[in-house]
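Please keep the sequence and the structure in view while reading.

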Amino acid sequence: MNKRHICLYFQVHQPFRLRTYRFFDIGHKHDYFDDYANRYIMRKVAERCYLPANNLLLSMIKEYGNLFKLSFSISGSALAQFELYAPDVLESFQKLAETNNVEFLAETQAHSLSSLKSNNEFIKQINAHTKKIEVLFKQKPKTFRNTELIYSDLIGEQIAEMGFRTMITEGAKHVLGWKSPNYMYCNAINPKLKVLLKNFRLSDDIAFRFSDRSWAEWPLTAEKFTGWLNNVDPFNETINLFMDYETFGEHQWAETGIFDFIKQLPKVVLSSSNYMFSQPNELWKKLQPVSSISVPYPISWADDERDVTAWLGNELQDEAFNKLYNLEEKITICNDENIQRDWLRLQNSDHFYYMCTKWFSDGEVHKYFNPYPSPYEAFINYMNVLADFSIRINNIVNFKEVIVPEIVNTEIKKEIKPVKKKNTEKTEKKEQNIKEPQTLKPKRKMKKRKTKTTNKEKIEKLIENFNIRKINILPKSIIKEIMKDVDVKLLAYSINDLNDELKDTLLSQMGIRKLHEYEDVIATIDNVASKDLKMAKKDFEKYILDFISK
């Protein structure tokens, strides 16, 4: 009997997470991304997953040689963070590339949803990512993996036109019907593109169920898994195991035995089955499509539905997504490097994933990956950032606020500008004539306000009858000084029952580290006695009074 194939594919991705960006930051602050959180998470995942897993795979390749092969796709944002925060991780991936046993796939540079909105942006990002892979790993990708395995007939056709040989996607039940994901398929529009489908049951046994003690098959061993592989219909040609690389050590901790499992898997498979490990590009050469696969509407590997509703399933997501891509035309004529960098980072699909309002079958998964308390806060934070980003673009590109319909050609636009301005200026001067001096009087009257309260008066008035709820009448400069050395625990206990506006007044003046400390304290505040909260509030009020009295 002919050898069958196991195609191991791992996705590596880290988004550029946004910092807390408030309404009052719009127009003033342009640092949208939480550098501390991004660095901290990257280093944490590097130590738990990337470095130990890469070292393990390298040792396995040395042990088994060409008998053990696998593939990766690394998002552009993950590569950028490797260069910024984890060059040792990048070096470890480069060592894997040097073995020639690892294939690196192409994807979108921004790990974006551009394939669902903008063909031009989609192509541009694929080309940028392909060049990056060539530079870093000395390989030209021949296989394409779209963000979150998103695929449709039209997307596949576009990928074929770009010269890719193979594309990988989800083996969704509603697409396959009675068919098996364990064969090679082809695109329904352009049969030149071969399509590999994820075996989601076997993949998810490792990625999601491995450490679940309530699972009937726990514990999962290499021997048991190989037994399942041997039970697959002998005519099936390939088992495609696609999963997040963070499965190893991050989602499934080392204590669960996940590293021992992957270490033993090739040994057991090669000794007690007729499977061999193959890369996607090798399967392109070895396997012929059994049929085309018809996918008129986009599918993905997310949630039970295996569609795109994890990112574009509600009004919040649609509003944010459309507002972002409405800026594309302006972006194309903007050469500012910072704008182009932020444009890519704001396209990370994760920003829209955080806005998902699914609370049923996949709610727990969404909560696990969501750094925001709710999807609504994720939406507000993102839209605040987008508002400032739009202002920056308009300032650089100098677009008019009034949108000229697309029907009007550029020549007519040019004629409209000078004619309207010159005529209106002349007619206004003629009409005003002698009346011009009279229009100045109200302006002078408006400036004669001398009742403005000084900072000193504000402070004296506050001290007379102080209450923490009056904190917002203090100048921001003083609040900032107060918050510099404040005890975070005391602060958290004191402001627990304040409204969001007052909390925002104080928290907006804190650094990122202290905000993280504050969040940790708030997580345990339900266990604090009410009398301790009241005492903390009095101590905090005294702290403020002592400070401003100086």
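## Charges over rings

In this predicted model, Arg306 lies over the face of Phe200, at 4.8 Å from the ring centre.

## Aromatic pairs

A pair of aromatic rings is described by the distance of the centres and the angle of the planes. The count of aromatic pairs comes to 33. One of them joins Phe10 and Phe72 in a tilted arrangement, with 5.8 Å from centre to centre and 50° between the planes. Phe10 belongs to strand β1 and Phe72 to strand β2 (residues 70–74), so this pair ties together parts that are 62 residues apart in sequence. Phe10 counts as buried at 1% relative accessibility, and Phe72 counts as buried at 0%.

Phe225 and Phe261 form an edge-to-face pair, with 5.8 Å from centre to centre and 85° between the planes. Phe225 is found in helix α8 (residues 222–230) and Phe261 in helix α9 (residues 258–272), so the pair connects parts that are 36 residues apart in sequence. Both Phe225 and Phe261 are buried. Ring pairs also link Phe10, Tyr50, Phe72, Phe82, Phe93, Phe104, Phe137, Tyr245 and Phe248 into a cluster.

## Strands and their partners

Strands of a sheet pair through backbone hydrogen bonds, either parallel or antiparallel. Strand β1 (residues 4–12) pairs with β8 in the parallel sense, over seven bridges. Within this pairing, Ile239 in β8 is the bridge partner of Ile6. Strand β8 (residues 238–244) is mostly covered, since six of its seven residues are buried.

Glu170 stands opposite Lys198 in β7.

## Salt bridges

Side chains of opposite charge can pair when their charged atoms come close. The count of salt bridges comes to 21. Arg19 forms one of them with Asp25, the closest N and O atoms being 3.7 Å apart. Are these two residues buried or exposed? Arg19 is buried, with a relative accessible area of 12%, and Asp25 is buried, with a value of 10%. Arg19 and Asp25 are also linked with Lys29 and Asp31 in a network of salt bridges.

Another salt bridge joins the side chains of Arg341 and Asp342, at 3.0 Å from N to O. Arg341 is partly exposed, with a relative accessible area of 35%, whereas Asp342 is buried, with 0%. The side chains of Asp497 and Lys537 likewise meet in a salt bridge, at 2.9 Å from N to O. This pair links distant parts of the chain, 40 residues apart: Asp497 is in the loop between α22 (488–494) and α23 (500–507), and Lys537 is in helix α25 (residues 530–549). Asp497 is partly exposed, with a relative accessible area of 44%, while Lys537 counts as buried at 19% relative accessibility. Lys537 falls in the buried class because the cut-off is under 20% relative accessible area.

Conventions
Residues are numbered from 1 along each chain as its sequence is written. This is a predicted model: local features need pLDDT of at least 70, side-chain atom pairs count only at pLDDT 80 or more; totals for chains, interfaces and linings use all residues. Side-chain values use heavy atoms; hydrogens and water are left out. Two strands pair if DSSP finds at least two bridges between them. Helices (H or I, at least four residues) and strands (E, at least two) are DSSP runs, numbered from the N terminus. A salt bridge is a side-chain nitrogen of Lys or Arg within 4 Å of a carboxyl oxygen of Asp or Glu. Buried means under 20% relative accessible area, exposed over 50%, partly exposed in between (1.4 Å probe, protein chains only). Rings of Phe, Tyr and Trp (its six-membered ring) pair if their centres lie within 6.5 Å; planes under 30 degrees apart count as stacked, over 60 as edge-to-face and the rest as tilted. A charge sits over a ring if NZ of Lys or CZ of Arg is within 6 Å of the ring centre and within 35 degrees of the ring normal.
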